[in-house]
Amino acid sequence: TSSSIAAMDTVVVTVTANGSCQTASSAISNPKVLVVNPLINPSISITASSDTLCAGTSIQITALPNLAGANSIISFLLNGVSVQSGSATTFNTTAFANQDSIQAVLTTNHTCQTSPTVTSNTLHFVVNPASLIVFPSISAMLNSSDSILLNPTPVGGTLSGPGVLGLSFRPWTVDTGITTLTYTFTNSQGCIASQSQSFRILPDA
């Protein structure tokens, strides 16, 4: 047994005997040239398209395996729980919560390797929530009704749709039927929230 054999070393075995009836005191085997496979040291790291995002935003995690070899497996772990396993080097999700963490585990099957599994660096995420919009309910109204000031909150967003002027809705400028208005607000973290509602504009009696 030896741990110092190198590639292309030649090994022979010498047998020495001391029997009373033998033709020679020793015998030498045929030479054997050894093939020594290199020791493979796989590794893996991960990167993210961003580590700060808004709730519900899609994010991509990319695994960067090194010396993975054929038939290797990459498992993505969200807070320690596997959420994807296979040959894919990317993982996409919209389900991150604040302070979630993710890492990847690379499983390889080299003949000679330092370890069959290696773990990547860990990424942590800051997930900012979108603001909660309060949009006053609008009932069906006549085409001739007066202008309505809606005042959705948080203040500072944008009201859009037919018949809108600032935060007011002018029904006489809209055709009868179903009308939809949308209020959109962007908070200080850049997270966008929107809420829509539809209502009916009735013809004058």
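In which strand is Val15 found? Val15 lies in strand β2, residues 14–16; strands here are DSSP runs of E with at least two residues, numbered from the N terminus. Together with Val11 and Val13, Val15 makes a nonpolar surface patch of about 230 Å². Patch members have over 30% relative accessible area and no salt bridge, with nonpolar side chains joined within 5 Å; areas come from the Shrake-Rupley method with a 1.4 Å probe, and a salt bridge is a side-chain nitrogen of Lys or Arg within 4 Å of a carboxyl oxygen of Asp or Glu.

A word on the model: it is predicted, with local features needing pLDDT of at least 70 and side-chain atom pairs pLDDT 80 or more, while totals for chains, interfaces and linings use all residues. Residues are numbered from 1 along each chain as its sequence is written, and side-chain values use heavy atoms, without hydrogens and water.

Now to strand β21. Two strands pair if DSSP finds at least two bridges between them.

| Strand paired with β21 (residues 192–202) | Direction | Bridges |
|---|---|---|
| β15 (residues 141–142) | parallel | 2 bridges |
| β20 (residues 177–186) | antiparallel | 10 bridges |

Met141 has Ile201 as its bridge partner in β21, and Thr186 stands opposite Ile192. The hairpin of β20 and β21 has 5 residues between the strands, and Gly190 in this turn has a positive phi of about 85 degrees.

Thr182 sits in β20. Thr182 counts as buried because its relative accessibility is 19%, and buried means under 20%. Its side chain makes a polar contact (N or O atoms within 3.5 Å, one able to donate a hydrogen and the other to accept it) with the side chain of Ser196 at 2.6 Å.

Conventions: Helix = DSSP H or I, 4+ residues; strand = E, 2+ residues; numbered from the N terminus. Patch = residues over 30% accessible without salt bridge, like charges linked within 9 Å, V, L, I, M, F, W, Y side chains within 5 Å. Buried < 20%, exposed > 50% of the residue type's maximum accessible area, 1.4 Å probe, protein only.
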